[in-house]
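Please examine the structure shown here with attention to how its chains meet, and then to selected residues within one chain. The explanation below follows that order.

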Amino acid sequence: MLEIKNLGVRYGAASPALEGVDLTVRPGECVTLLGANGSGKTSLFCALSGLIPSTGQIRFEEREIGRMRPAAIVALGIAQCPEGRQLFPDLSVEKNLRLGAYVGRRDRRGTEAALERVCTLFPDVRDKLRSPAGALSGGQQQMVAIGRALMARPKLLLLDEPSLGLAPKLVEATLDAVAEINRAGTMVLLAEQNAYAALSIAHRGYVLANGRVVLEGSASALQQNELVKKAFIGA
Amino acid sequence: MHLFFQELLNGLVVGSLYALVALGLALVYGTMQIPNFAHGHLYMLGAYVAFFGVTVAHVGYWPAMLLAIVVLALVGVVLERLVFRPLRNAPEVNTIIAAVGVLFFLQTLAQVWFGGDYRVFPTPYDKVVHFAGLVATQQQLIVIAAAAVLMVALFWFLKRTLTGATIEAVAQNRAGAALVGIDPNRVSMMVFAISAGLAAAAATLIASISLISPSMGFTVILKAFAIIVLGGMGSVPGAIIGAYILAFAESFGGTYISSNYQDAIAFGVLVLILTFKPTGLFAKGT
């Protein structure tokens, strides 16, 4: 279980990127984080992964992780598929995936099982294991990026706009995969601009604006919410 | 024809030396974008550690080399931690100035500690070997073979082990590496250790053919930089190929054209290649 209380992030002297954010992901849940560009979604994810300093509390399974280093956070079971994918372009897809299991590298059998699981979830990835990751199409790279995060066998998967720049059909396939990962028991925190698609697979959602949570609720309640409709769904 | 093969052999010896030095430089540049101008002086320091290992501690040639590699690997780690890591997010020119500062620091240190004299590094392998009409010292053959072994070992490490892959991962995407749980700072230290260790091995190999002195790092670092520019900044195979190209240009140019113009010919070849491939032989994407 992830519990965030009063989280703040500030870059330099500018107005804060995040302020007073409270957010929870309960066991088994898929939670979506909605918000326009610059609303603070990526800052929240970077703070969770320990890439940028933050104030407030971030507790994961009863442990305070707000000041931990990225490697320690991954080892505790929080893996991120970041915005822009951040793959290793000249390494093969297989090496990208195996590096995803870096924190669990001593468990060889677990790594092989995770690799098999990723290949089953994304059959296209299996055909490309030997290719350099940078040579793949955007959609395939997205699969590799999600797969790489899964290789860490996380308890909580952070997905930062996995559908960005993908064709509508691929968006659907990507989010189906996310739903499947969640059904298998992994907690998911999903940042999306595509609110309709995200709410269709999430249990609950939060709406961020200017670094603050302005709305939260169950997925179905948010789908009916006038503000969400107007701001994100365009209905 | 006989002369040709003799020069081929000489080129291989010098190329092996250049390759080991340039490889370390390329690894550090490729992973951290640090142009380590002090690299030649780490090489010099390695030569002295091995020299004192052999002449003072009497540990024998190979243990002395191992000692030099270990000591320099530690120096490399300290250098990363104390000098380069704090400059990680500083403008590049600060890193360059720091590297030059380390160069002068090590140069002065060596002058004070070891004196400015040239010293002869004793080698147990000074016998001359004749085969097929060619003449070589045992030491020359050892340089070629040892360099080949080290390069194969490095390639195996980078391409076939997960720890080696973390170096390439950090080189290609530092943020991505941190996100999968690799500690980029630890990888940086490891790269500096390998880089300085290779320089120490190169220095021990070649010291008994040439002489050692506190300024022996200067010529080598100039050539090593020329090589990694030729090979494509930060490319490991580029550094190796570039090293042998420069060495062969020197040895053949020196023999067939004029030994007075040996370096001019070698760097002329370099300029020529860069005219046609401005980003180097194995330029990385973008």
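In this predicted model, a salt bridge joins B:D183 to A:R69, and the closest N and O atoms of the pair lie 3.0 Å apart. One salt bridge is what the rule finds across the interface of chain A and chain B.

Which elements of chain A give two or more residues to the side that touches chain B? They are α2, spanning residues 70–76, and α3, spanning residues 93–100. Of the two, α3(A) provides the largest share of that side, with four residues. Sorted by class, the side of chain A that touches chain B comprises 12 nonpolar, four polar and six charged residues.

The extent of the interface can be described both by residues and by area. Chain A brings 22 residues to the contact, and chain B brings 17 residues. The size of an interface is often expressed as the accessible area that is lost when the parts come together. Here the area buried between chain A and chain B is about 1800 Å², and carbon and sulfur atoms give 66% of that area. Within the area that chain A buries against chain B, A:F88, A:L99 and A:Y102 supply 31%, more than any other three residues.

The cysteines come next. A disulfide is a covalent bond that links the sulfur atoms of two cysteines. How many disulfides does a search of the whole structure find? The search, taken over all chains, finds zero. A:C30 accordingly takes part in no disulfide, and the nearest cysteine sulfur, that of A:C81, is 13 Å away. A:C30 counts as buried because its relative accessibility is 0%. For A:C81, the closest cysteine sulfur is that of A:C46, and because the distance is 13 Å, the two are too far apart for a bond. A:C81 likewise has 0% relative accessibility and therefore counts as buried.

Is A:Q141 buried or exposed? With a relative accessible area of 15%, A:Q141 is buried, because the cut-off for that class is under 20%. When its neighbours within four places in sequence are left aside, A:Q141 is in contact with A:R85, A:L87, A:A133, A:G134 and A:L136.

Notes. Residues numbered from 1 in each chain as written. Chains lettered and ligands numbered in written order. Predicted model: local features only at pLDDT ≥ 70, side-chain atom pairs only at ≥ 80, totals over all residues. Heavy atoms only, no water. Contact = heavy atoms within 4.5 Å. Buried area = accessible area lost by both parts, 1.4 Å probe. Salt bridge = Lys/Arg side-chain N within 4 Å of Asp/Glu carboxyl O. Nonpolar A, V, L, I, M, F, W, Y, C, P; charged D, E, K, R; others polar. Disulfide = S-S within 2.5 Å. Buried < 20%, exposed > 50% of the residue type's maximum accessible area, 1.4 Å probe, protein only.
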